[in-house]
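Please examine the sequence and the structure shown here.

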Amino acid sequence: MWKSLAAASDYISQTRRMTSGRKYNEADGENEALSFGYYDDDDGFDTFTDGDCGCDEGVLGFSDPFSSEVKPRILLMGLRRSGKSSIQKVVFHKMSPNETLFLESTNKICREDVSNSSFVSFQIWDFPGQIDFFDPTFDYEMIFRGTGALIFVIDSQDDYVEALSRLHLTVTRAYKVNPDINFEVFIHKVDGLSDDHKIEKQRDIHKRANDDLADAGLERIHLSFYLTSIYDHSIFEAFSKVVQKLIPQLPTLENLLNIFISNSGIEKAFLFDVVSKIYIATDSSPVDMQTYELCCDMIDVVIDISCIYGLTGDEAGTPYDKESMAIIHLNNTTVMYLKEVTKFLALVCFLREESFERKGLIDYNFHCFKKAIEEVFEVRLKVQRSRKLLSQRRWSKQTVPNGTQVHPH
Ligand SMILES: Nc1nc2c(ncn2[C@@H]2O[C@H](COP(=O)(O)OP(=O)(O)OP(=O)(O)O)[C@@H](O)[C@H]2O)c(=O)[nH]1
């Protein structure tokens, strides 16, 4: 069934009338094998010690100043040496897992923001044992209030009794401040364990953590568990699931992907955060780990080749921009097709070679898909903007005339 997406996507036009920039034309399909481009941005990695969230860069590269608000905010917590910095470096900074062996331990409370170069905005909190939630200098309410997900990392190769009690304390405190937080437990460093041992550890940690909550009368707190390691793709997959839970537009994105693939002869499509290789959405067919890994490899190839051969030495240049696209023909008659969707997002598709002959149609449908994605996020930005205005007005009303501020309830 070959259709143009514009004709088929009633769903999109119901949300908002879609305008297509050009008519579909079979001859439209270009034949670039691999083309890259650049745009400017910083690396988005800073260390903060104050309350500034440091995330004013745009998420989608569409309109901006408020777009940071659609970024899911995530905290990464856990005992010392549990692997927090390694996870952050491997997922967001392309550090090779072996290099993490040389990471130094952080000695003080340390908060790092990773927010500018990715769709995902997140903070890492090193949680050394001596940190006390009752310490008045530690404003945990401020930390938990704006958080969407709290990832707690437990080192599975170590004794986890202390980690479990820290998990319990953290979760109960965070829940009191913000019951909407998703609590995600990474049972980390499982690369050293056999499959049986992994399952056994997961069962034990799951049971103990939930028993502790039940003893405190807090059964309603839901913990999700993931087995992770930086030495394979499990850490990326776990992060993908955590992030997806925080995207309210997920069902819409899935629907758009379904419409796009069914009208373009595509077998599978992922919407990727390019920097982290987290997939923020996919169509509703099941995800096969191998396919996901191939997509990650393709993104690496695109970024690496662009970095090595594409950049001109200009400091401002970055390896991913509007012109970024890549086509890879696999030896099993499958084609992988990558295209830029926004400043942070890429679409990676799998399709048969014969389907790829209609590249013009695919490109036209992609154009409609991209517009629809922009519109989905624009709606969200508008809502965010009006909420922000509303809360600013409320806040100014609560400011007494001499300028002293009263905390809102
Ligand atoms: N085997 C294995 N080792 C890991 C994994 N992740 C991290 N590590 C190792 O664990 C050690 C501690 O990692 P860090 O990332 O420094 O831990 P951290 O939680 O940031 O530590 P602090 O900075 O002290 O809070 C390092 O030697 C890493 O190489 C993993 O998935 N598997």
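Helices (H or I, at least four residues) are DSSP runs, numbered from the N terminus, and the expected span of a helix is 1.5 Å times one less than its number of residues. This is a predicted model, in which local features need pLDDT of at least 70, side-chain atom pairs count only at pLDDT 80 or more, and totals for chains, interfaces and linings use all residues. Residues are numbered from 1 along each chain as its sequence is written, and side-chain values use heavy atoms, with hydrogens and water left out.

**Helix 7**
- Helix 7 covers residues 234–245, twelve residues in number, and spans 17 Å from its first C-alpha to its last, close to the expected 16 Å.
- Ten of these twelve residues are buried (under 20% relative accessible area, 1.4 Å probe, protein chains only), so helix 7 is largely enclosed by the rest of the structure.
- Among the buried residues are Phe236, Glu237 and Gln244.

**Packing of helix 3 on helix 7**
- Helix 3 (residues 84–93) packs against helix 7 at an angle of about 85°, with the axes 11 Å apart; axes are lines fitted to C-alpha atoms over the stretch in contact, and angles run from 0 to 180 degrees between N-to-C directions.
- Helix 3 is therefore roughly perpendicular to helix 7 (65 to 115 degrees).
- Ile87, Val90, Val91 and Phe92 of helix 3 meet Ile235, Phe236 and Phe239 of helix 7 in this contact (heavy atoms within 4.5 Å).

**Domains**
- An automatic or database domain assignment gives domain 1 (73–131 + 138–246) and domain 2 (249–311 + 318–386).
- The centres of domain 1 and domain 2, taken over C-alpha atoms, are separated by 28 Å.
- In domain 1, 15 residues are in contact with 18 residues of domain 2.

Definitions and conventions:
Helix = DSSP H or I, 4+ residues; strand = E, 2+ residues; numbered from the N terminus. Buried < 20%, exposed > 50% of the residue type's maximum accessible area, 1.4 Å probe, protein only. Parallel < 35°, antiparallel > 145°, perpendicular 65-115°, else oblique.
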